[in-house]
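Good morning, and thank you for coming.

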Amino acid sequence: MPDAAPAGGKLYALALFRDDAEFVAGLRAGQADAQAELVRRYYERVAAVLHRVLGDDAELQDLTQEVFVKAMAGAKSFRGTSENLEAWVVRIGVFSARGLIRRRSLWRRFFSSAPAPEDAGPTHAVDHEGLEAVRRTYAVLDKLPSDERIALALALVDEMPLPTIAEVCGVSRSTIKRRLQRARKRFESLAGLDPLLRELIMRGEP
Amino acid sequence: MTNLSSLGGAVRATLDRARAVRLAAPSASDIRELVASAATAKRKRKARIVQVVGVVSLAAAAALGVLVTSNRPEQLSFVVGNGAQTGEENHWIRTRQGESIPLTFSDGTSLKLAPQTRARVAELTSSGASVALETGRLEAHVLPRRGAAWSVIAGPYTVRVTGTEFRVSWEADREVLEVYVAHGSVAVTGPVLTGAQSLGKNQLLTVSLPERRAAISDGTETTPPAPAPSAEAAPSEASTRAPGSSQPARASFEQLLQSSSAEELLKLADGARMSGQAARAKQALHSVRQRFPRSRAAGIAAYTLGVTAFDQRGAYAEAAGWFETYLREEPAGSLAREALGRQLEAVDKAGQRARATSLAERYLKLYPAGPHHKIARRLVE
């Protein structure tokens, strides 16, 4: 998406809000300034969460935009304050990622030869071992039920604290704790079959 | 029990490096596009709700034994070119040099894309369509009929029409809009214009976003506007008043700097920044600080100068200075958290690690869960 910003670099509208309450009110009212500010504040965070949940996925950028389109359209129903705004947007991202994962899994069930999600392509920094570890990690995560996969990716890759994971996944803390336990167990047994992942996991052992 | 955190850390590091290269933060035009798509999504959802309500009403009427005939008109369709290639929503159509492509809609409306134009039909409804003109020129002949709703979106401008012949051109590079109405009337909304600007027969509206100028001329059609006319070459005031405004639209930029209020100057700077006129944005912001010292606007100007230096020029040391100025002048201002976060980021990027760490400690103490807390924590650790 990013086009050539005039004069290079990032360009943002400076939203002139007296305080965060005014920003949130503007967002609810559908003001363009407030919507631009929402993108400015949380785009990178949402992109990071989606990237960490989905891996190097060609649809990442489109999905990130879709999250903001949904957030802008649904802002009227946002009842929290600016303090909850990040969790709210991330939650929309998590639910969008879950939808994508489920659609793909359903598609694969009916069309077993359907291609795997398109890889986003090589990056300038060619760290072969790192890229291979990423590819294999997400291949294993892909075998987990979508809810477990998301929770584990958030805990493991994003290092999101447990209460926040519960909040963005829309479940209680005890549910997320149980879900993570199951996910870890499943992931470990599947990753144990892969020599590279096994080695990386063993490296981290005390 | 194995330890998964090292694997998680390795994956995160690789992904973050990849993202930093490929997934740049959105530019101003990206943000405008996102805001526009949100509006379209909202309209579509409303249309779906109307449809659902319609279905429910129909079922209720049937239950009461009332025969209801649905006469909901069908969505329009269109063909591209002189052949019979059916057009699709959101498919870009690009014309080459010397080539014009007609779009013919099922209600009889026709559009003609001039050479070197890029456009798409963004939305089709039963009563019209919304056409996005990315760059170039299109001529429209909209069939007048009750309830017709057609619009052309050119950059940040929207031209709404019910039945008319008109021409819209949008020069994306120069951010210049031109709308000429041959018959009927249209309403144009967007930056620089005050409210919806109506145009009648034989009227030509020219808006230059970078110059913040708007002009309407009457009479016969003329050639597209010359590159951003200078203040000296401005025509008579009567023909160049900003639509809907009592102020002359072509007042020179310097005059604006002297006559505008602090709030207007900030808006002027914002508009200049959004359209890539960094130097003018800077002039407007300095003008706020000179003309309205010790005001809240002066603080905001300092903050914005910091943002401009940081984002547009990568002048991190200068940016840090402006953020510090803001914090000194407005220690409890509404942008204090952002300013401190941006300051520590700028100082870090300027290579002053010790100073950045001390700012990070201060940030975490004041805003432990603030938007810059991760950067701050990384610096402290």
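Please bear in mind that the model is predicted.

The axes of α2(A) and α6(A), the latter spanning residues 146–156, come within 8 Å and cross at roughly 120 degrees. The two helices are therefore oblique to each other, and their crossing is right-handed.

I turn now to the cores. The largest nonpolar core has 65 residues, and those touching the most other members are Leu38(A), Val53(A), Phe68(A), Leu85(A), Leu154(A), Ile165(A) and Phe187(A). Helix α2 of chain A, residues 32–54, supplies the largest share of this core, 10 residues. Beyond its neighbours within four places in sequence, Leu38(A) is in contact with several residues, including Phe23(A), Leu27(A), Phe68(A) and Leu85(A). A second, separate core of 41 residues includes Ile101(B), Phe105(B), Ala148(B) and Val188(B).

Helix α8(B), residues 336–349, and helix α9(B), residues 353–366, have axes that come within 8 Å and cross at roughly 155 degrees. Angles over 145 degrees count as roughly antiparallel, and α8(B) and α9(B) are therefore roughly antiparallel to each other. Their crossing is left-handed. Among the contacting residues are Leu340(B), Leu344(B) and Val347(B) of α8(B), with Ala356(B), Leu359(B) and Tyr363(B) of α9(B). In total, the contact of α8(B) with α9(B) has eight nonpolar, two polar and five charged residues.

Technical notes:
Residues are numbered from 1 along each chain as its sequence is written. Chains are lettered from A and ligands numbered from 1 in the order in which they are written. This is a predicted model: local features need pLDDT of at least 70, side-chain atom pairs count only at pLDDT 80 or more; totals for chains, interfaces and linings use all residues. Side-chain values use heavy atoms; hydrogens and water are left out. Axes are lines fitted to C-alpha atoms, for helices over the stretch in contact, and angles run from 0 to 180 degrees between N-to-C directions. Helices (H or I, at least four residues) and strands (E, at least two) are DSSP runs, numbered from the N terminus. Angles under 35 degrees count as roughly parallel, over 145 as roughly antiparallel, 65 to 115 as roughly perpendicular and the rest as oblique. A crossing is left-handed if the near helix is turned anticlockwise from the far one by less than a right angle, and right-handed if clockwise. Contact means heavy atoms within 4.5 Å. Ala, Val, Leu, Ile, Met, Phe, Trp, Tyr, Cys and Pro count as nonpolar, Asp, Glu, Lys and Arg as charged, and the others, Gly among them, as polar. A nonpolar core is a set of buried Ala, Val, Leu, Ile, Met, Phe, Trp, Tyr and Cys residues joined through side-chain atoms within 4.5 Å. Buried means under 20% relative accessible area, exposed over 50%, partly exposed in between (1.4 Å probe, protein chains only).
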